[in-house]
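This report describes the contacts of aromatic rings in the structure shown below. Please keep the sequence and the model in view while reading.

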Amino acid sequence: MAQSSSPISGVAERYAGSLYELAAQAKAVSQVEADLGRFEALLAGSADLTRMIRSPVFSSDEQFKAIAAIAAKAKITGLVGNFLRVVAKNRRLFAVPAMIKAFRQIAAAERGEVSAEVTSAHALTPAQEKELKAALKGVAGKEISIAVTVDPSLLGGIIVKIGSRQIDTSLKTKLNSLKLALKEVG
């Protein structure tokens with residue numbers, strides 16, 4: 001694994017690596033990826049949940065009870081349910097989004113894929129996702145797994161991150177560039 005650039009990424013990589021090893025032993029990598037995706041969707045849809053995992057105000061016990069209840073209600077059981085409880089007990093919930101990202105990267109690398117983060121102004125249709133994967137495969141020369149997030153503030157277009165490379169075709173970035181160019185002229 002690459003050198004960690006921050007304490008959070010180091011924590012995330014260690015936890016994700018351990019979870020991947022357990023998932024691989026149990027032959028449940030795809031199930032773990034799906035469950036992590038479901039938890040990530042819960043985070044994206046709840047400002048309260050996001051606040052709870054980030055806030056140092058909540059005790060380890062409070063975070064543990066809340067995560068256990070949320071996981072049970074969302075039917076996130078098995079490895080991911082246990083993983084979330086361990087992370088809560090160890091006061092590392094703040095790093096869960098980075099852990100999910102690191103797990104996806106490890107899983108993609110083990111499959112011989114390159115993972116790409118795609119941010120889109122609107123949800124992609126399955127056909128658009130397939131076309132984007134094909135285009136990115138041509139650029140990367142390997143199979144691509146993509147994680148798509150929707151950010152309406154982009155207005156249009158997409159941002160694709162593959163490793164340290166970023167391709168930004170968002171309307172927001174183009175408008176900001178135009179605004180900057182107009183300021184320089186005037």
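## Basis of the report

A residue is called buried under 20% relative accessible area, exposed over 50% and partly exposed in between (1.4 Å probe, protein chains only). The model is predicted, with local features needing pLDDT of at least 70 and side-chain atom pairs counting only at pLDDT 80 or more, while totals for chains, interfaces and linings use all residues. Residues are numbered from 1 along each chain as its sequence is written, and side-chain values use heavy atoms, with hydrogens and water left out.

## Aromatic pairs

Rings of Phe, Tyr and Trp (its six-membered ring) pair if their centres lie within 6.5 Å; planes under 30 degrees apart count as stacked, over 60 as edge-to-face and the rest as tilted. Under this rule there are 2 aromatic pairs. In one, the ring centres of Tyr-15 and Phe-83 are 6.3 Å apart and the planes stand at 70°, so the pair is edge-to-face. Tyr-15 belongs to helix 1 (residues 7–25) and Phe-83 to helix 5 (residues 78–89), so this contact ties together parts 68 residues apart in sequence. Helices here are DSSP runs (H or I, at least four residues), numbered from the N terminus. Tyr-15 is buried at 18% relative accessible area, and Phe-83 is buried at 10%.

Tyr-20 and Phe-103 form a tilted pair, with 5.8 Å from centre to centre and 50° between the planes. Because Tyr-20 lies in helix 1 and Phe-103 in helix 6 (residues 96–110), the pair ties together parts that are 83 residues apart in sequence. Tyr-20 is buried at 15% relative accessibility, and Phe-103 is buried at 0%.

## A charge over a ring

A charge sits over a ring if NZ of Lys or CZ of Arg is within 6 Å of the ring centre and within 35 degrees of the ring normal. Lys-89 lies over the face of Phe-64, at 4.6 Å from the ring centre.

Definitions and conventions:
Helix = DSSP H or I, 4+ residues; strand = E, 2+ residues; numbered from the N terminus.
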